[in-house]
Amino acid sequence: MTVTTLTTEGLAYASSPPSVSGQTYSDASAALGGAGYTPVVSTTVGDQKAWPDCLVVNEVGRTVQPPPNSAGSVTNEVLVSLNC
């Protein structure tokens with residue numbers, strides 16, 4: 001009989017980004033940046049407002065790994081969709 005033990009010691013778990021749906025992109029960017037996330041606009045609908053005034057209608061968090069063999073670090077991003 002083989003016994004397998006799973007351990008989570010030494011593993012890092014990313015927390016969830018703050019919810020910014022319904023906020024202006026300006027407010028959402030400030031909230032995400034303050035929480036350690038980089039906001040990235042993935043899609044926009046409409047052209048009646050400048051990006052800072054557009055409303056965030058969707059958000060998806062993602063982690064971007066550094067290039068192989070680099071001294072870079074992981075980047076936590078949030079892809080946002082804007083209604084302008």
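On one side of helix α1, Ala-30 and Gly-34 are exposed. Exposed means over 50% relative accessible area, buried under 20%, and partly exposed in between (1.4 Å probe, protein chains only). Buried in α1 are Tyr-25, Ala-28, Ser-29 and Leu-32. These four cover an arc of only 100° around the axis, so they sit on the same side of α1. The arc is taken from the directions that lead from the helix axis to the C-beta atoms. An α-helix has 3.6 residues a turn, so residues three or four places apart point the same way.

The buried residues of α1 pack against β1, β2 and β3. Gly-36 follows α1, and its phi is positive, near 90°.

## Model and layout

This is a predicted model: local features need pLDDT of at least 70, side-chain atom pairs count only at pLDDT 80 or more, and totals for chains, interfaces and linings use all residues. Residues are numbered from 1 along each chain as its sequence is written, and side-chain values use heavy atoms, with hydrogens and water left out.

The chain has one helix and three strands. From the N terminus on, the elements run α-β-β-β. Helices (H or I, at least four residues) and strands (E, at least two) are DSSP runs, numbered from the N terminus. Of the 84 residues of the chain, 20% count as buried. Contact here means heavy atoms within 4.5 Å. Among contacts in the chain with a separation of 6 or more, 62% come from residues 24 or more positions apart.

## The sheet

Three strands form an open sheet in the order β1-β3-β2, with mixed pairing. The edge strands are β1 (38–45) and β2 (55–64), and each pairs on one side only. The twist averages 25° from one strand to the next. Axes for this angle are lines fitted to C-alpha atoms, for helices over the stretch in contact, and angles run from 0 to 180 degrees between N-to-C directions. Two strands pair if DSSP finds at least two bridges between them. Strands of a sheet pair through backbone hydrogen bonds, either parallel or antiparallel.

Both senses occur here. β1 and β3 (residues 75–83) run parallel, joined by seven bridges. β2 and β3 pair in the antiparallel sense over nine bridges. Val-80 of β3 is the bridge partner of Val-41. Val-80 is also the bridge partner of Glu-59. Pro-39 stands opposite Val-78 in β3.

## The nonpolar core

The largest nonpolar core has twelve residues: Val-20, Tyr-25, Ala-28, Leu-32, Tyr-37, Val-41, Cys-54, Val-56, Val-78, Val-80, Leu-82 and Cys-84. Such a core is a set of buried Ala, Val, Leu, Ile, Met, Phe, Trp, Tyr and Cys residues joined through side-chain atoms within 4.5 Å. The elements that give two or more residues to this core are α1 (25–34) and β3.

Val-56 shows some of the packing. Leaving aside its neighbours within four places in sequence, Val-56 is in contact with residues including Val-20, Tyr-25, Ala-28, Val-80 and Leu-82. Its contacts also include Ser-21, Gly-22, Gln-23 and Thr-24.

## The disulfide

The structure holds one disulfide. This bond joins Cys-54 to Cys-84, with S to S 1.9 Å. The pair links distant parts of the chain: Cys-54 is in the loop between β1 and β2, Cys-84 in the segment after β3, 30 residues apart. A disulfide is counted when two cysteine sulfur atoms lie within 2.5 Å. The torsion about the S-S bond of Cys-54 and Cys-84 is about 115°, so the disulfide is right-handed.

Both cysteines belong to the core listed above. Cys-54 is buried, with a relative accessible area of 0%. Cys-84 counts as buried at 9% relative accessibility.

Asn-83 lies in strand β3. At 41% relative accessibility, Asn-83 counts as partly exposed. Leaving aside its neighbours within four places in sequence, Asn-83 is in contact with Val-45, Cys-54, Leu-55 and Val-57. The C-alpha atoms of Asn-83 and Thr-24 are separated by 9.4 Å, though the two residues are 59 residues apart along the chain.

Asn-69 is found in the loop between β2 and β3. Asn-69 is exposed, with a relative accessible area of 86%. Phi of Asn-69 is near 60°, a positive value in a residue other than glycine.
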